[in-house]
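Dear colleague,

Please find below the structure that I am handing over to you.

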Amino acid sequence: MTILNGFFDALKGLYQSSGMSTLVWQNYVMIVVACFLMYLAIKKQYEPLLLLPIAFGMLLVNLYPAIMDPPSTNMVEMSEYLKTHDGPLNYAVTTIGGVDYVNVPTYGGLLYYLYQGVKLGIYPPLIFLGIGCMTDFGPLIASPKSFILGAAAQIGIFITFIGAIFLGFTQPQAGAIGIIGGADGPTAIYVTSKLAPELLGPIAVAAYSYMALVPIIQPPIMRALTTKKERSVVMEQLRPVSKLEKIMFPVIVVIVVAIALPSAAPLVGMLMLGNIFKESGVVERISKTAQNELMNIITIFLGTTVGATATGTVFLTPKTLGIIALGLFAFCMGTAFGVLFGKIMYKLSGGKVNPLIGSAGVSAVPMAARVANKVGQEENPGNFLLMHAMGPNVAGVIGSAVAAGVLMSILG
């Protein structure tokens, strides 16, 4: 009987330590969502570099929530502690009811420590450094009017900001929610960590998810706002851009932005630092490291830990789902205003500007530009809009960072 009781006690302990006793229905829902996102990343190849680590982090934290637990202390009776520990007492002692307890610290979960790079705003500027090394600002320099389309796509940020205030969010929270409309994950994380860190999880997941789902979200909006004739417009080839122009551009941009909006300087500064690494041609080894090894490492850490914030009990709440919905609205508005301003430029240019390139004014580089090119080629197979769309696309990167600086200056 004693052996049988020991066997049942072991089974009971195994059950209590397993996920079957600790997971709730929300965790299982998020496990299904994570598997669906992995399907999109692997089968459909929707931004797999982002979506796959996010989805797997989401899966992992809902199977084993303790992986995101912060460090804490465990109170152990001193007499019990001394039975297994020799040497001097290194921890604080608390006396309760005449009994001495040792406050023994416990370690946090693995992803908790990696998440500090998100929480402290370290990863986003490093991502911008890598993006700068991979970005060619030539199309933007060759067609400065692209700045208008990049700025137009940021209107969705401020419309959503106002809407979120009316829905009961505080102004800092509304600013963090609105920045999702820029479709720039690092910027959204950076702004939220400064303005509303309590919303960092859902906003980060929403921002990166919408970036990954650009090929699904944008085309219906683009087709609804344009005619077949407009989508078929073939644009003239861009002028060549000199090396001097490409070197001067990041220097001029960082000077202007840092003076006008100091709060945007960390993001824009790292973006332009990476770009001048690339364009100078004298630090090729550093440039390759920033755009390859460093970028890949930070992407793994950032994506996995962002996904790990999406625990079922926290994520499946009316407030969080409202943030997700507002983020989608902001992104759709950004796309719509970019296309509408593209239509204005189409009219003013006498039909020489394809309004589809305005959709690339959101900051999802280079996916938004590829989507604009794809939709244009569906109407006219001989239409190549990629380089024209890259102008508004990289302008959107700068524009979203500037919009972030405006929000942090006003609300920070």
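How far apart are the mean positions of the positive and negative charges of the protein? They are 15 Å apart, for 23 positive and 18 negative charges. Lys and Arg count here as positive and Asp and Glu as negative, while His and the chain ends are not counted; each charge is placed at NZ of Lys, CZ of Arg, CG of Asp or CD of Glu.

Please note that this is a predicted model, in which local features need pLDDT of at least 70 and side-chain atom pairs count only at pLDDT 80 or more, whereas totals for chains, interfaces and linings use all residues. Residues are numbered from 1 along each chain as its sequence is written, and side-chain values use heavy atoms, with hydrogens and water left out.

Overall architecture

The protein contains 22 helices and 3 strands; these are DSSP runs numbered from the N terminus (helices: H or I, at least four residues; strands: E, at least two). Its C-alpha trace spans about 90 × 45 × 45 Å along the principal axes. Of the 412 residues, 51% are buried (under 20% relative accessible area; exposed is over 50% and partly exposed in between, with a 1.4 Å probe and protein chains only). Where contacts (heavy atoms within 4.5 Å) join residues at least 6 apart in sequence, 76% of them join residues at least 24 apart. The protein exposes about 19,100 Å², of which carbon and sulfur atoms supply 68%; accessible areas come from the Shrake-Rupley method with a 1.4 Å probe, and for residues only the protein chains shown count as cover.

Salt bridges

The whole structure holds 8 salt bridges, each being a side-chain nitrogen of Lys or Arg within 4 Å of a carboxyl oxygen of Asp or Glu. One of them joins Lys246 to Asp136, with the closest N and O atoms 3.3 Å apart. Because Lys246 belongs to helix H16 (residues 243-260) and Asp136 to the loop between helix H7 (123-134) and helix H8 (138-142), this pair ties together parts 110 residues apart in sequence. Lys246 is buried at 18% relative accessible area, while Asp136 is partly exposed at 28%.

Another salt bridge brings together Arg223 and Glu378, at 2.9 Å from N to O. Arg223 is in helix H14 (residues 214-225) and Glu378 in helix H21 (residues 367-379), 155 residues apart. Arg223 is partly exposed at 35%, and Glu378 is partly exposed at 44%.

Helix H21 also carries Glu379, which is paired with Lys228 of helix H15 (residues 228-231), so parts 151 residues apart in sequence are tied together. Salt bridges with shared partners join Lys228, Arg231 and Glu379 into one network. Glu379 is partly exposed, with a relative accessible area of 21%.

Surface and interior

On the surface, Val24, Trp25, Val29 and Val33 form a nonpolar patch with about 330 Å² of accessible area together. Such patches consist of residues with over 30% relative accessible area and no salt bridge, joined within 5 Å for nonpolar side chains (Val, Leu, Ile, Met, Phe, Trp, Tyr) and within 9 Å for like charges. Val33 lies in helix H3 (residues 25-42) and is partly exposed at 33%.

By contrast, Thr187 in helix H12 (residues 185-195) is buried, with a relative accessible area of 0%. Neighbours within four places in sequence aside, Thr187 is in contact with Phe128, Ile179, Leu267, Ser400, Ala401 and Ala404.

With kind regards
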